[in-house]
There are 2 protein chains.
Amino acid sequence: MTDQISSQSAVGILDSGVGGLTVVKEVFRQLPKERVLYFGDTLRCPYGPRTPEEVRRFTLEIVRYLSLYPLKALVIACNTATAAALEEVRRNVSVPVLGVIEPGARAAITLSSHGRVGVIGTEGTIRSSAYERALKQIDPDLYVVSHSCPTLVPLVESGGEDTPQARQIVRLALSPLKKHRLDSLILGCTHYPLISGLIGREMGSGVTLISSAEETARELSAVLHHKGLLYEGPARQPHDHLFFTSGRPEAFRSIAENWLAQRVSVEPVVLPALEESPVG
Amino acid sequence: MTDQISSQSAVGILDSGVGGLTVVKEVFRQLPKERVLYFGDTLRCPYGPRTPEEVRRFTLEIVRYLSLYPLKALVIACNTATAAALEEVRRNVSVPVLGVIEPGARAAITLSSHGRVGVIGTEGTIRSSAYERALKQIDPDLYVVSHSCPTLVPLVESGGEDTPQARQIVRLALSPLKKHRLDSLILGCTHYPLISGLIGREMGSGVTLISSAEETARELSAVLHHKGLLYEGPARQPHDHLFFTSGRPEAFRSIAENWLAQRVSVEPVVLPALEESPVG
């Protein structure tokens, strides 16, 4: 990656698998002129139960791969990877790097009516206390409750349909939060917006759900604007974007096309090859 | 202003009068650790009907005054001044400068459900087409309707209570927008959040109101974060902030204390004195 960043370059977005596609969808919607290169590490998904050291290593491998292309910004669209590796990625590349945690925390502060914020995420994200730190750094008086929901990613990956069994899983996962009289709940995992209907019904209308996907895309827009890096040309076409996966391309394409409602070009990537690439 | 910007410095916020206090309130709420220096040019309010050249000159005078203090960011909390002077202010100071138009435009893009966005503002703001440009620069396919509402600032300044007469003024002001099937409406004047109840009732529940005050404070938070300029110390106390007015300090204090629900320190400033200060 060179020091001269061009507004024509792409935005790199990475995730442990398909969850980060919620961020891609919001980037397509809020920044239709921007080109996206996405890497979904589906072969090694989920990251949630892994050690921070392992997640950090995987994330840096993907950053190294994406950095072979000219980029103007990088988005770590995975809460677990953001918690484990954001600072280290920032030290390794010269473009702006956004995680999903800080935008979600800022949105919670904007939208919370009484300063009672809940956070749900994977074990790795919750164990890191990254949301709690980000929230309290800005406002030490916030009441913050964090709770890991290991059953929700598998629920999303199995389809996430609204069935009595799915409702039961969501009810059990969220029940420890009910007594805290929350006014907002951060969906601290990029998979969760895919079942926000189920989560919203369980929490009730008094709780505002905060999707880090929407907020991260908006913050990307602000960062590109303030750096003079918004692309000025026409809106992009589906074939301008490129999706890499470490897993099976057909399975990835099927989920991505269904979620993004457009054709996607998927390239399989064999990860050991990455070891040969220098850090950008 | 020096090149070495300190996180301990204050955020300068300026407005044509008291409207920018809606931004101050959101900064106090979303960034309770930050110190604010506010300048309300109540003597020369309103800016809306003035020429862009005049608004530019007034804005630069105020920036020059605030720059006598160590600042870490500047917020032009007035839509008319943002439209007329944002780029020139950016060229004149070394700290990040935020207007209220771009954050409002970005929020509309995030929150709009069907891409049908309305904008209301003063004559100066609407004539500048600044919102339309900011919106279309990001998404050329948006449907945007802009409409100036010269009766609304006087309504707010006279108290803005919910009376049959006030409702009638709001109804007449907004009636040209009704046929456009909008899904969101940008309150493109920092006075308007003070009558958002009246505006919301007139537009109906299908239209999301977007307050540039809330969005600007959130974007300030993101910008300070990305520049490493968030203050790490304890939350500020009311006496840490300072409010300057070119008008009568007692009148300003009364409105400010009522709106911010805390004590405020107000200093009167005689503007001709500014001519002697060099640009920071």
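**Reading a predicted two-chain model**

Modeller: Arg181(A) counts as exposed, with a relative accessibility of 62%. A friendly reminder before we go on: this is a predicted model.

Biologist: What makes Arg181(A) count as exposed at 62% relative accessibility?

Modeller: The cut-off for exposed is over 50%. Arg181(A) has 62%, so it counts as exposed. The residue sits in the loop between α8 (164-174) and β7 (184-188) of chain A.

Biologist: What is the phi of Arg181(A), which is not a glycine?

Modeller: The phi of Arg181(A) is positive, about 45°. Most residues other than glycine have a negative phi. Ser129(A) is not a glycine either, and its phi is also positive, about 55°.

Biologist: Good. How do you know that the peptide bond joining Cys45(A) and Pro46(A) is cis?

Modeller: Omega for that bond is about 0°, and the bond is cis. Most peptide bonds are trans. In chain B, the bond from Cys45(B) to Pro46(B) is cis too, with omega near 0°. Pro46(A) lies in the loop between β2 (36-40) and α2 (52-66) of chain A, and Pro46(B) in the loop between β2 (36-40) and α2 (52-66) of chain B.

Biologist: What rotation superposes chain A on chain B, and why is the relation called a two-fold axis?

Modeller: A rotation of 180° with 0.0 Å of shift along its axis does it, at an RMSD of 0.0 Å. That is the relation of a two-fold axis. The same surface serves both copies, and 100% of the contact residues of chain A recur in chain B.

Biologist: Now to the charged pairs. Why do Glu219(A) and Arg106(A) form a salt bridge?

Modeller: The rule asks for a side-chain nitrogen of Lys or Arg within 4 Å of a carboxyl oxygen of Asp or Glu. The closest N and O atoms of Glu219(A) and Arg106(A) are 2.5 Å apart, so the pair passes. This pair links distant parts of the chain, 113 residues apart: Glu219(A) is in helix α10 (residues 212-226) of chain A and Arg106(A) in helix α4 (residues 101-111) of chain A. Both Glu219(A) and Arg106(A) are buried.

Biologist: How do you know that the pair of Arg218(A) and Glu215(B) joins two chains?

Modeller: The side chains of Arg218(A) and Glu215(B) meet in a salt bridge at 2.3 Å, N to O. Arg218(A) lies in helix α10 of chain A and Glu215(B) in helix α10 (residues 212-226) of chain B, so two chains are joined. Both of these residues, Arg218(A) and Glu215(B), are buried.

Biologist: How many salt bridges does the structure hold over all chains, and which residues are linked in a network?

Modeller: There are 35 salt bridges over all chains. Asp41(A), Arg44(A), Arg57(A) and Glu61(A) are linked in a network of salt bridges.

Biologist: Last topic, the interface. What area is buried between chain A and chain B, and which three residues supply more than any other three?

Modeller: About 2,700 Å² is buried, and carbon and sulfur atoms give 49% of that. Thr110(A), Gln137(A) and Arg218(A) supply 23% of the area that chain A buries against chain B, more than any other three residues. The contact takes 31 residues from chain A and 31 residues from chain B. Two salt bridges cross the interface of chain A and chain B, along with 20 residue pairs in polar contact.

Biologist: Which element gives the most to the side of chain A that touches chain B?

Modeller: That is α10(A), with nine residues. The residues on this side of chain A divide into twelve nonpolar, seven polar and twelve charged.

Key: Residues numbered from 1 in each chain as written. Chains lettered and ligands numbered in written order. Predicted model: local features only at pLDDT ≥ 70, side-chain atom pairs only at ≥ 80, totals over all residues. Heavy atoms only, no water. Helix = DSSP H or I, 4+ residues; strand = E, 2+ residues; numbered from the N terminus. Buried < 20%, exposed > 50% of the residue type's maximum accessible area, 1.4 Å probe, protein only. Least-squares fit on C-alpha atoms with pLDDT ≥ 70 in both. Contact = heavy atoms within 4.5 Å. Buried area = accessible area lost by both parts, 1.4 Å probe. Polar contact = N/O pair within 3.5 Å; in protein donor to acceptor, adjacent residues only side chain to side chain. Nonpolar A, V, L, I, M, F, W, Y, C, P; charged D, E, K, R; others polar.
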